[in-house]
Amino acid sequence: MAHDPHRPVALIVLAAGAGTRMNSDLPKPLHPIGGAPMIAHALATGRALEPSRIVVVTGHGAEEVEAALEEIAPEAVCVRQEEQLGTGHAVLQAAPALEGFQGDAVVLYADTPFVSEDTLRRMQAARAVHDMVVLGFRAADPGRYGRLMMEGERLVRIVEAKDATPEQLGIDLCNSGLLATDARLLMDLLGQVDTDNAAGEYYLTDLAEIAASRDLSATAVLCSEAETLGVNSRAELAAAEAQFQAMKRAEVLENGVTMTAPETVILSADTWVGRDAVIEPYVVFGPGVTVESGATIRAFSHLEDAHVSAGAIVGPYARLRPGAEIGNNAHIGNFVEVKASLIGEGTKVNHLTYIGNAEIGDGTNVGAGTITCNYDGVFKHRTVVGKNAFIGSDTMLVAPVTVGDNAMTGSGSVITSDVPEGALALGRAKQVNKAGLAVRLMDRLRAIKAEKAKG
Ligand code: UD1
Ligand code: MG
């Protein structure tokens, strides 16, 4: 019953478990690693096999998980496992969704995010020779993992830790839970699984023994323990995040990016940084950030759903919020926040400024302390500033408002109406000087203080 490794593939992703040890209201598959839900990592790897069907088995928090899947994997079919009666029972729930499917089924766990594409391909390759392929690993501390019992390269049985003899517990070859076999055979074999075990559950792992009893050949493909890291608690989630960060930093460095202290930089699964960009220490990339070649992100900046073009400099201490689009060679300096705004080519916004719902043209200088007053308490309004304009320090741009090309605003201006091209707008009280008044005022105050001290 060996098969062509290129036959169609269906993924079955188990995501119904309670995740009790997470101690969380959020279903475990949705806890983020690298800013993306855990289940998205398993799906991303599984997609490398170009599956023709994806079935996700949901249960605990099913509604939330299914809603998230509409974004993450709209092509996936969700099936509900109403009661969590074990991994074997969970896989069986996928049967109706695989009606008429001819090909291989690959079982993945939503809470095992780091299995590599290469490992899945090696499992597929082993399917050319064996009826069933289980993914195993040598565990430093086998603990509660199921143990793989091999006879040469044949897998004859998987013993769950709960059911194992002390001698079997001595085996360090463990079950990751991932499995590949013919989809129909899988459902057929599952029909034979019962609950006669220490947990009283339908074990998916019983398939090894059932296959052996039917003279089918099962084997194990091995991967590193790091790949099979499962997440069951917050501590394991933190360990998974650390492992993800280490992998992603290595990938970014590999792509020709300079990071002076990579261990301090936090990346997201979808962070993309171009060649010869420089990332200084303590930069946080939330989801959805792309940084083009040659840009510099200086220390202590926080970016989320933003794009930084070639040659731009962002930070130190800058915040780019969703929809920030920074043009070529633009400068965004310290304590500047940009949200849903376009910053033109070569434009400088260097100090203590908030730019929201705005479009700032090329070559414009925005002075320190400028604020786009974009929110009236109910609606957001737009600010448009033209090319080569000069916004004086501490200008309040009360949106909706437009400042034309080559226009200027005086420092401290509150700009409530449009400024025509080339005009200078002064929106502040006129200054008055009172001769000698400062000295007279101070003398009077000091005299009052002296009176009080006497008593
Ligand atoms: C399982 C394996 C064990 C393996 C270990 C690797 C079995 C019987 N045991 O044990 O050999 O070493 O994984 O981590 O398969 N799930 C459901 N529905 C259920 C039960 C589980 O969807 O009714 C899902 C969980 O959400 C999880 C996965 O299946 O994603 C594994 O379940 P879990 O209870 O963690 O299995 P383990 O006891 O860890
Ligand atoms: Mg587990």
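Modeller: Here are the ligand site, the strands and some backbone details, in that order. It is a predicted model: local features need pLDDT of at least 70, side-chain atom pairs count only at pLDDT 80 or more, and totals for chains, interfaces and linings use all residues. Residues are numbered from 1 along each chain as its sequence is written, chains are lettered from A and ligands numbered from 1 in the order written, and side-chain values use heavy atoms, with hydrogens and water left out.

Colleague: Which residues come nearest to ligand 1?

Modeller: Gly 17, Gln 81, Thr 87, Glu 160 and Asn 175, out of 19 residues around ligand 1. A residue is near if one of its heavy atoms lies within 4 Å.

Colleague: What about polar contacts to the ligand's oxygen atoms?

Modeller: Those are pairs of N or O atoms within 3.5 Å. A polar side-chain atom of Asp 111 is 3.3 Å from a ligand 1 oxygen. A polar backbone atom of Leu 85 is 3.4 Å from an oxygen of ligand 1. For Gly 146, a backbone N or O atom lies 2.9 Å from a ligand 1 oxygen.

Colleague: How much of ligand 1 does the protein cover?

Modeller: 81% of the 750 Å² of accessible area that ligand 1 has on its own. That area is Shrake-Rupley with a 1.4 Å probe.

Colleague: Which elements give two or more residues to the shell?

Modeller: β1 (9-15), α3 (87-92) and β10 (173-182). Helices (H or I, at least four residues) and strands (E, at least two) are DSSP runs, numbered from the N terminus.

Colleague: Switching to sheets. What is the strand order in the open sheet of eight strands?

Modeller: β13-β16-β19-β22-β24-β26-β29-β32, with parallel pairing. Two strands pair if DSSP finds at least two bridges between them. β13 (272-273) and β32 (401-403) are at the edges with a single partner strand each, so one side of each has no neighbour in the sheet.

Colleague: How many bridges between β26 and β29?

Modeller: Three, joining residues 358-360 to 383-385 in the parallel sense. Ala 358 has Thr 383 as its bridge partner in β29.

Colleague: And β8 with β9, parallel or antiparallel?

Modeller: Antiparallel, with five bridges between 147-151 and 154-159. Arg 147 partners Val 159. The two strands form a hairpin with two residues between them, and Gly 152 in the turn has a positive phi of about 65°.

Colleague: Where are the cis peptide bonds?

Modeller: One joins Gly 315 and Pro 316, with omega about 5°. Pro 316 sits in the loop between β20 (313-314) and β21 (318-320). Another runs from Ala 399 to Pro 400, omega near 5°. Pro 400 is in the loop between β31 (396-398) and β32.

Colleague: What is phi at Glu 50?

Modeller: Near 45°, a positive value in a non-glycine residue. Glu 50 is in the loop between α1 (38-47) and β4 (53-58).

Notes. A polar contact is a pair of N or O atoms within 3.5 Å; within protein, one must be able to donate a hydrogen and the other to accept it, and residues adjacent in sequence count only if both atoms are side-chain atoms.
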